[in-house]
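Have the sequence and the 3D view ready as you read along.

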Amino acid sequence: MEAHENLGPNGPAQTTIYAIANQKGGVGKTTTAVNLAACVAEAGYKTLLIDIDPQANATVGLGHSKTENHTIYEVLVGDSTLEQATLSTNITNLSIVPSTPDLAGANVELPRIAGSEFILREALEPLRGEYRFIFFDCPPSLGPLTINALAAADRVIVPVQTEYYALEGLADLLDTVGLIQKELNPRLTIGGLVMTMHDGRTRLATDVEDELRKHFPGLLFNSVIPRNVRVAEAPSFGKPVTHHDPHSAGAGAYFELAKEVALRG
Ligand SMILES: Nc1ncnc2c1ncn2[C@@H]1O[C@H](COP(=O)(O)OP(=O)(O)OP(=O)(O)O)[C@@H](O)[C@H]1O
Ligand SMILES: [Mg+2]
């Protein structure tokens, strides 16, 4: 296990692969993927973020363009390896595999290929041991791209926006995770639910928080991500909030979340 020794502060360890998923749009998946990946990387863990959303928001949020030569799309159709598609970022220890709008085509192409659910899992095999943490930023659907990420992942992190419809769709998501556990990936577990864009001053947000604690005891991360303008504006600078404004409430919350994730391993 010598190859693992340089992966992070805690010495030898295996790669843990997280999918950040919720089929509900705009709940903070990309924001969480970018900032969580950046925080664990800054804590000294070698980390890879794989953008598997055709919107390519994580790619742009980390300062790359939607038109890189080698992207996750080329990996999925067998034209590139993950290594070829991996780019460095301005954050120490953090690399990214970019996405492109072309990736939308994979939603049609993947189901035509036998065994396509396992393309990412197989593509990641040579990288197990290269990184301590790998994060997938999933698109807002439970389609072939999210399925591919879940088939490759060890754990799912579900960002949940604390607003009125927050719980809607969560049951479907958890059912899908259960199905994937059974059919495709017995290793898969729920890493946790993280509350995002939380506004503790509103009655609604605290009510939803209470509901979530009641329905999903033990699954909620202690760290809660507040609604914070610094978090929202950071991507326009191609940076995680921890670089844009390390002293903001949003940066602090993502550092706390990263500690919880790193502790769980
Ligand atoms: N903690 C926060 N405070 C303020 N704004 C936030 C916060 N988290 C996310 N946002 C903003 O909310 C919007 C949606 O966030 P994000 O893109 O991360 O969601 P998503 O789940 O990835 O969306 P999609 O489903 O389209 O991929 C973005 O404009 C983002 O900047
Ligand atoms: Mg997104």
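## Rings that get together

Four residues, Tyr18, Tyr45, Phe133 and Phe135, make up one aromatic cluster. Keep in mind that this is a predicted model. Searching the whole structure turns up five aromatic pairs, and here we'll go through two of them.

How do you describe such a pair? You use the distance between the ring centres and the angle between the ring planes. Here's how that works out:

| Pair | Centre distance | Plane angle | Type |
|---|---|---|---|
| Tyr18 and Phe135 | 5.6 Å | 15° | stacked |
| Tyr45 and Phe133 | 5.3 Å | 80° | edge-to-face |

Why is Tyr18 with Phe135 called stacked? Their planes are at 15°, and planes under 30 degrees apart count as stacked. This pair ties together distant parts of the chain: Tyr18 belongs to strand β1 (residues 16–20) and Phe135 to strand β5 (residues 133–137), 117 residues apart. Are Tyr18 and Phe135 buried or exposed? Both are buried.

Now for Tyr45 and Phe133. Their planes are at 80°, so this pair is edge-to-face. It also links distant parts of the chain, with Tyr45 in the loop between α1 (29–42) and β2 (47–51) and Phe133 in strand β5, 88 residues apart. Tyr45 and Phe133 are buried too.

Arg132 has its charged end over the ring of Phe133, 4.5 Å from the centre. Lys46, meanwhile, lies over the face of Tyr131, 5.0 Å from the ring centre.

Methods:
Residues numbered from 1 in each chain as written. Chains lettered and ligands numbered in written order. Predicted model: local features only at pLDDT ≥ 70, side-chain atom pairs only at ≥ 80, totals over all residues. Heavy atoms only, no water. Phe/Tyr/Trp six-rings, centres within 6.5 Å; stacked < 30°, edge-to-face > 60°. Helix = DSSP H or I, 4+ residues; strand = E, 2+ residues; numbered from the N terminus. Buried < 20%, exposed > 50% of the residue type's maximum accessible area, 1.4 Å probe, protein only. Lys NZ or Arg CZ within 6 Å of the ring centre and 35° of its normal.
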